[in-house]
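Below are my notes on the model, as numbered points. They cover strand pairing, ring contacts and charged pairs.

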Amino acid sequence: MSEKNREEKRSARERLQQERAADRTREKRRRTLVVSAAVVGVLGLVAVVGLVVANVGKDKADSAGGPVSAPSGLTGKDDLAIPVGATDAPSTLTVWEDFRCPACAQFENGFRSTIQELEKAGELKVEYHLATIIDGNMGGTGSLRAANAAACAQDAGQFAPYHDVLYQNQPAETDDAFAKNSHLLDLAGKVDGLESAPGFRECVDGGKHDDWVNKSAEAFRTGGFSGTPTVLLNGESVFPKKGNENITPDSLKKWVREANKGKKAGSTTPSAPSSIPVESTPAGTPPA
């Protein structure tokens, strides 16, 4: 091989080595940029998450520190029960419900006439407690919005009929239709005089009782209950059964009358709720 050919091959090898070195340098620089961008992205994500967590904590703290606007005419511990029926009825049915809960609608629509019969006879009063577990499980705000609207109806003295209308028109569990105040106001048109009651529309649109609903929901979450509906007759669980006996309209009547044996039927109805807001204990404050 001539000297010229050897020189050309050596030059070609050197150029190839230089090109490979340049390629390695470019690849190293590219990887450095990618890693740097990834680090910046992760740090940005951490910052965003930290901001969200901080805001959530701030919201909770703000909510816990302010007064709770409770609906009128409440009873029970921490003023969380909405009463229906004679206040001096000898038996009490305690019901924890969520307006988006399908099992709650099944209970209400199946036992409504029986419960109303016992109420009218002065044998039973009902204390309703509102929960929002479906919002937490399925997402959305329909449980909260419907509960606030029902609390507004309580201010207007129309809780019971509006409560029934909500369960009679309950959407599918995955349909968050109750999240729309306009829909809740439309349903209020099914209750005589409610939609036009002074302050009702403003109460619904403004979420006047949202903090009170959240306080009630927190009481449910910390109360050791297993789900909604939770139904207690004089403090004893009766849904889906009492002891070994399943609940039915007839068995509920029987249990109430057994509990009331020898007792006088009630006749005192709750006083008409006032539209004046009631300032309750701040959320998160332990009872005295």
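1. Strand 3 (residues 91-97) and strand 4 (residues 124-130) run parallel and are joined by 7 bridges. Strands and helices here are DSSP runs numbered from the N terminus (E, at least two residues, for strands; H or I, at least four, for helices), and two strands pair if DSSP finds at least two bridges between them. Within this pairing, threonine 94 has glutamate 127 of strand 4 as its bridge partner.

2. This is a predicted model, in which local features need pLDDT of at least 70 and side-chain atom pairs count only at pLDDT 80 or more, while totals for chains, interfaces and linings use all residues. Residues are numbered from 1 along each chain as its sequence is written, and side-chain values use heavy atoms, with hydrogens and water left out.

3. Strand 5 (residues 230-233) is joined to strand 3 by 4 bridges, and these two strands run antiparallel. Here leucine 93 has leucine 233 as its bridge partner.

4. Strand 3, helix 2 (residues 102-120) and strand 4 form a β-α-β unit that is right-handed (with the strands pointing away from the viewer, the path from the first strand over the helix to the second runs clockwise).

5. Is strand 3 buried or exposed? Of its 7 residues, 7 are buried, so the strand is largely enclosed by the rest of the structure. Buried means under 20% relative accessible area, exposed over 50%, and partly exposed in between (1.4 Å probe, protein chains only). Ser91, Leu93, Val95 and Glu97 point one way, Thr92, Thr94 and Trp96 the other, and all are buried.

6. The ring pairs number 8, where rings of Phe, Tyr and Trp (its six-membered ring) pair if their centres lie within 6.5 Å, with planes under 30 degrees apart counted as stacked, over 60 as edge-to-face and the rest as tilted. The pair of phenylalanine 107 and phenylalanine 111 is stacked, because the ring centres are 5.1 Å apart and the planes are at 25 degrees. These two residues are 4 apart in helix 2, about one helical turn, and both are buried.

7. Phenylalanine 107 also pairs edge-to-face with phenylalanine 239, with centres 5.6 Å apart and planes at 80 degrees. Phenylalanine 239 lies in the loop between strand 6 (236-237) and strand 7 (241-242), so its pairing with phenylalanine 107 in helix 2 ties together parts 132 residues apart in sequence. The relative accessible area of phenylalanine 107 is 2%, whereas phenylalanine 239, at 26%, is partly exposed. Elsewhere, ring pairs link Trp96, Phe220 and Phe225 into a cluster.

8. There are 11 salt bridges, each a side-chain nitrogen of Lys or Arg within 4 Å of a carboxyl oxygen of Asp or Glu. One of them joins aspartate 135 and arginine 100 (2.9 Å, N to O). Aspartate 135 is in helix 3 (residues 133-138) and arginine 100 in the loop between strand 3 and helix 2, 35 residues apart. Both aspartate 135 and arginine 100 are buried.

9. Arginine 257 and glutamate 117 form another salt bridge, with the closest N and O atoms 3.8 Å apart. This pair links helix 9 (residues 249-259), which holds arginine 257, to helix 2, which holds glutamate 117, across 140 residues. Arginine 257 is partly exposed at 40%, as is glutamate 117 at 36%. A network of salt bridges links Glu117, Glu123, Lys253 and Arg257.

10. Lysine 254 meets glutamate 245 in a salt bridge with the closest N and O atoms 2.9 Å apart. Lysine 254 is partly exposed at 36% relative accessibility, and glutamate 245 is partly exposed at 32%.
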